[in-house]
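Dear colleague,

Please find the structure below, handed over for your use. My notes on it follow directly after.

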Amino acid sequence: MAQIYDKVALIGLGLIASSMFWAIKRGGLAGEVVGTSRSAETRAAAQEVGLCDRIYDNVADTVEGADLVVLCVPVGVMGAVAAELAPYLKAGATVTDVGSVKADVIAQVAPHLPDNVHFVPAHPLAGTEHSGPTSGFAELFDSRWCLIVPAEGSDPEAVGKLRSFWEGLGSFVEEMDAEHHDLVLAVTSHAPHLIAYTMVGVADDLRRVTDTEVIKYSAAGFRDFTRIAASDPTMWRDVFLSNKDATLEILGRFTEELFALQRAIRQGDGEHLHAYFTRTRAIRRSIIEAGQDTDAPNFGRQAGKQP
Ligand SMILES: NC(=O)c1ccc[n+]([C@@H]2O[C@H](COP(=O)([O-])OP(=O)(O)OC[C@H]3O[C@@H](n4cnc5c(N)ncnc54)[C@H](O)[C@@H]3O)[C@@H](O)[C@H]2O)c1
Ligand SMILES: O=C(O)C(=O)C[C@]1(C(=O)O)C=C[C@@H](O)C=C1
């Protein structure tokens with residue numbers, strides 16, 4: 001893969017930034033990758049594992065001369081961070097972000113950026129329950145989607161370069177508008193996280209099944225819930241506050257369906273339960289048949305099949 005940017009600046013050195021760093025190096029996508037994080041502890045931990053060609057303790061030095069600036073901080077502080085670095089951006093630079101929510105991040109960031117830079121928001125649909133500078137790995141984005149959310153009138157060249165960059169990081173790239181992105185992610189990521197947090201919280205409330213019993217008897221389904229519910233509290237607090245309307249819309253629908261299933265159980269309506277589970281099983285099977293099971297070892301690698 002050829003070099004796409006001369007200098008990339010990573011703002012915030014957590015899971016996503018550190019994974020990007022390793023994947024940029026693997027693909028030779030940038031001449032130089034620099035970074036900054038607000039806490040000295042994070043910067044020291046990043047330095048220790050060899051993250052970034054240079055780490056600065058301020059955004060001014062970090063973004064100076066950078067062709068690509070990537071905001072890798074929690075969505076609740078994107079606007080404040082953009083305001084801080086805006087005066088130091090190089091003319092013609094591209095600013096992007098990796099936030100899990102798009103409409104609110106765009107509303108926070110765009111007003112701070114000067115007219116002579118390109119703002120091309122993005123969101124890699126890849127992550128883990130871990131956070132911080134030592135949690136990243138080069139393969140995180142391999143065969144995963146990255147959604148690019150260009151504003152109307154965005155410079156096609158800047159968008160095209162960012163697309164090539166994410167493809168170089170290993171992802172499949174698609175463009176989407178911000179509102180649609182936020183609704184889709186509320187269904188596929190945000191509401192499921194809230195449900196996992198709730199389920200683990202309920203188990204914890206029932207003292208009988210906490211401590212040894214939760215660990216000892218946790219079946220695969222509940223284990224998956226505990227993995228999701230171990231995700232970073234700051235990141236997820238911000239996601240729900242930032243994607244409030246779409247998440248509440250989906251949770252409303254979820255609650256209605258849950259009540260219907262609850263009623264079916266109370267009334268012994270096995271037909272309703274069976275029909276419902278048959279429908280959901282078919283969805284899982286159709287995902288696999290379409291080659292879109294990103295957990296499958298050959299995902300994205302079948303001849304002639306793109307997700
Ligand atoms: N973790 C995931 O699964 C995942 C997946 C895709 C996108 N994202 C998005 O990527 C972004 C980063 O997530 P992550 O998982 O890398 O998080 P992380 O917690 O691993 O890292 C966040 C970084 O932001 C810094 N930071 C926190 N608050 C700050 C503030 N007020 N000012 C400046 N810096 C601050 C932290 O020090 C850290 O360096 C978030 O916007 C998140 O929504 C996360
Ligand atoms: O695999 C996980 O641990 C994740 O939660 C990753 C996940 C997701 O919901 O799929 C979480 C948040 C993102 O914005 C993108 C990806």
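How many Å separate the centres of domain 1 and domain 2? Taken over C-alpha atoms, the distance between the two centres is 29 Å. The domain assignment of the chain places domain 1 at 5–176 and domain 2 at 180–268; such bounds come from an automatic or database domain assignment. The contact draws 14 residues from domain 1 and 17 residues from domain 2, two residues being in contact if their C-beta atoms, placed from the backbone, lie within 7 Å. On the side of domain 1 that touches domain 2 there are seven nonpolar, four polar and three charged residues. Here Ala, Val, Leu, Ile, Met, Phe, Trp, Tyr, Cys and Pro count as nonpolar, Asp, Glu, Lys and Arg as charged, and the others, Gly among them, as polar.

Please note that this is a predicted model, in which local features need pLDDT of at least 70 and side-chain atom pairs count only at pLDDT 80 or more, while totals for chains, interfaces and linings use all residues. Residues are numbered from 1 along each chain as its sequence is written, and chains are lettered from A and ligands numbered from 1 in the order in which they are written.

Ligand 1 is surrounded by 26 residues, and the closest are Gly12, Gly14, Ser100, Gly127 and Ser131; a residue is counted if its C-beta atom, placed from the backbone, lies within 6 Å of the ligand. Helix H1 (15–27) and helix H10 (233–242) are the elements that give two or more residues to this shell, and H1 gives the most, with three residues. Helices (H or I, at least four residues) and strands (E, at least two) are DSSP runs, numbered from the N terminus. By class, the shell holds 14 nonpolar, 10 polar and two charged residues. Because domain 1 and domain 2 both give residues to the shell, ligand 1 lies between them.

Six strands form an open sheet with parallel pairing, in the order S3-S2-S1-S4-S5-S6; two strands pair if DSSP finds at least two bridges between them. Strand S3 (54–56) and strand S6 (118–119) are the edge strands, each pairing on one side only. Strand S2 (residues 30–36) runs parallel to S3 and is joined to it by three bridges. Gly35 has Ile55 in S3 as its bridge partner.

Finally, helix H6 is followed by Gly170, whose phi is positive, near 110 degrees.
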